[in-house]
Amino acid sequence: LIVVLSNMQLPGYDVLIAQSYLMQSWVPLWTEHALLSHCWFLSNMVVYWAAFGLVYKLIRKLSLISTCSILSVICVLPWFLVIVPAASNSIEADWYSEHTWGSNDSANDTWTVMLKFCPIFYAHIFVFGMLLSLLRHRVKNIRNTGSMVVGHCRWSRRVEQKLLLVLSTIMRFGAILGYFGLILVFSVKELQPSAYKLSARLSVLLPLQGLVLLGLSPLPHLIASKRLIDPLAFLFALGPTWIGEVSYCQYILQFIMYNLFPVAFIGNASFFFYLLGASMLSYKFIQEPAANAWKKFLPKNDEGGPVCLLPSFAIGRVLLIPSSVLAVILIIAKSTYVPPRFGTSAVGDSSGLNPSNSTNATSLPDVMRVTTEAVDLKLDWTFVDTTEEENNRQLINPSMLFRNDENGNLEWIRAARAHSVEEETNQGSYGDQVVTEQLLRFKSSIALSREPFTGDLSAGFDEQGIQ
């Protein structure tokens, strides 16, 4: 609905149908053309949800040593994105930077989109999270029962005892250690991995993120005995639970609410309170009732009982019905909606091509969203011109740059061309013939301005700004 009201083009039928079933990240041709493209990870979650039973059955009986070993291997996998370009003279570290959003013209585009969004390349994060939960469960059981789930090898028992000691320490201080490491990586340029825009996305920092998760999940015996736990875990526990409950709604609604927000430039916290209010309403009236209904519908499984390898037909039917309804609605919207075309003329009509005739030009709206990432707007820039001979000039080709000045304040640097066209018609001769000569004389000056930005995009240029 927002796309239609913004006069934007809807994606193709294949993209709309794929997104209705949360499959938009599975095929590179769909991903960057989908509505709400920032929700690509929800498409991945469908695959991981369907594969959860199979993966859980494979890992549920792993020992503490095996779990730690697999976690270590997974932490190494994202580093191949750094190691391979470094070891090859033919591959640049930032090879993915050649890709532009929405482009699928080359193998570079396809690989970039797949590495950024495809569920295959994030499966290691899914498995890492399951193993991390299993690791915590193993440590908790060993602490409660005092028994090691290992073979009869004395070496294995000794290794597991040392692992238990290390993991117990991590679970008491992991969050503060992990966050400290992340702050260092993001703050010190020398510590940042190469190709970080893609390697960090594929979780090259997975060990630090794992430390944070373990530290924020203190073991029950530490809480019961009121022993020292991770300071950040203690601090976060003091916060209200609704902050975490509405975070999912904020993730979904952030760009929707921005498109509905009346101000394009966000200079204060008003938008975030606006987003928070919408997220709380969505949680209370949509997410919470849906979650409660889903819990009642799901069958109960014992921890040690059999595990379903795939979702049942009944569960699939419940999920497919609303997706199919959404797909039908989007197909109808696509087939019946034709976005208006601004500034175009009929075939054979040359009235819009005459530079000296502006009376027949199609009037553009003051603000028009061209695509999801681009907005065309009327600036209404003016300038002071004291010379009589140049009083017909118009400002064209505007350019703007926002940056922080030496005091840290937002600075606005802008430029435009003050342009005019003079037309003369005279009688002349060409050979022995009398002809009509038309002379077009173009006059241009550059208007420049540098000033603190106050939020007004329609400020004018003074006389000193014209060069």
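Me: What does Asp 230 touch, leaving aside residues up to four places away in sequence?
Reply: In this predicted model, Asp 230 touches Arg 172, Phe 173, Gly 174, Ala 175, Ile 176 and Gly 215. Each counts as a contact because heavy atoms lie within 4.5 Å. Asp 230 itself is found in the loop between helix 12 (220-224) and helix 13 (231-237).

Me: Which backbone nitrogen lies 2.9 Å from a polar atom of the side chain of Asp 230?
Reply: That of Leu 232. The cut-off for a polar contact is 3.5 Å, and the distance here is 2.9 Å.

Me: What makes Lys 284 and Glu 288 a salt bridge?
Reply: Their closest N and O atoms are 3.4 Å apart, and the limit is 4 Å, so the pair qualifies. Lys 284 and Glu 288 are four residues apart in helix 16 (residues 270-297), which means a separation of about one helical turn.

Me: Why is Lys 284 called partly exposed?
Reply: Its relative accessible area is 49%. Exposed begins over 50% and buried means under 20%, so Lys 284 falls in between. Glu 288, at 25%, is also partly exposed.

Me: Which residues are linked in a network of salt bridges?
Reply: Arg 403, Glu 411 and Arg 450. The closest N and O atoms are 2.9 Å apart for Arg 403 and Glu 411, and 2.4 Å apart for Arg 450 and Glu 411. The second pair links distant parts of the chain: Arg 450 is in strand 5 (residues 433-452) and Glu 411 in strand 4 (residues 410-430), 39 residues apart.

Me: How do you know whether Glu 411 is buried or exposed?
Reply: Glu 411 has 7% relative accessibility, and the cut-off for buried is under 20%, so Glu 411 counts as buried. Arg 403, at 38%, is partly exposed. Arg 450, at 52%, is exposed, because the threshold is over 50%.

Me: At what angle do helix 9 and helix 11 (residues 206-215) pack?
Reply: At about 145°, with their axes 6 Å apart. Residues of helix 9 that meet helix 11 include Gly 174 and Ala 175, and among those in helix 11 is Gly 215. Gly 174, Ala 175 and Gly 215 are also touched by Asp 230.

Methods. Residues numbered from 1 in each chain as written. Predicted model: local features only at pLDDT ≥ 70, side-chain atom pairs only at ≥ 80, totals over all residues. Heavy atoms only, no water. Helix = DSSP H or I, 4+ residues; strand = E, 2+ residues; numbered from the N terminus. Polar contact = N/O pair within 3.5 Å; in protein donor to acceptor, adjacent residues only side chain to side chain. Axes fitted to C-alpha atoms, helices over the stretch in contact; angles between N-to-C directions. Salt bridge = Lys/Arg side-chain N within 4 Å of Asp/Glu carboxyl O. Buried < 20%, exposed > 50% of the residue type's maximum accessible area, 1.4 Å probe, protein only.
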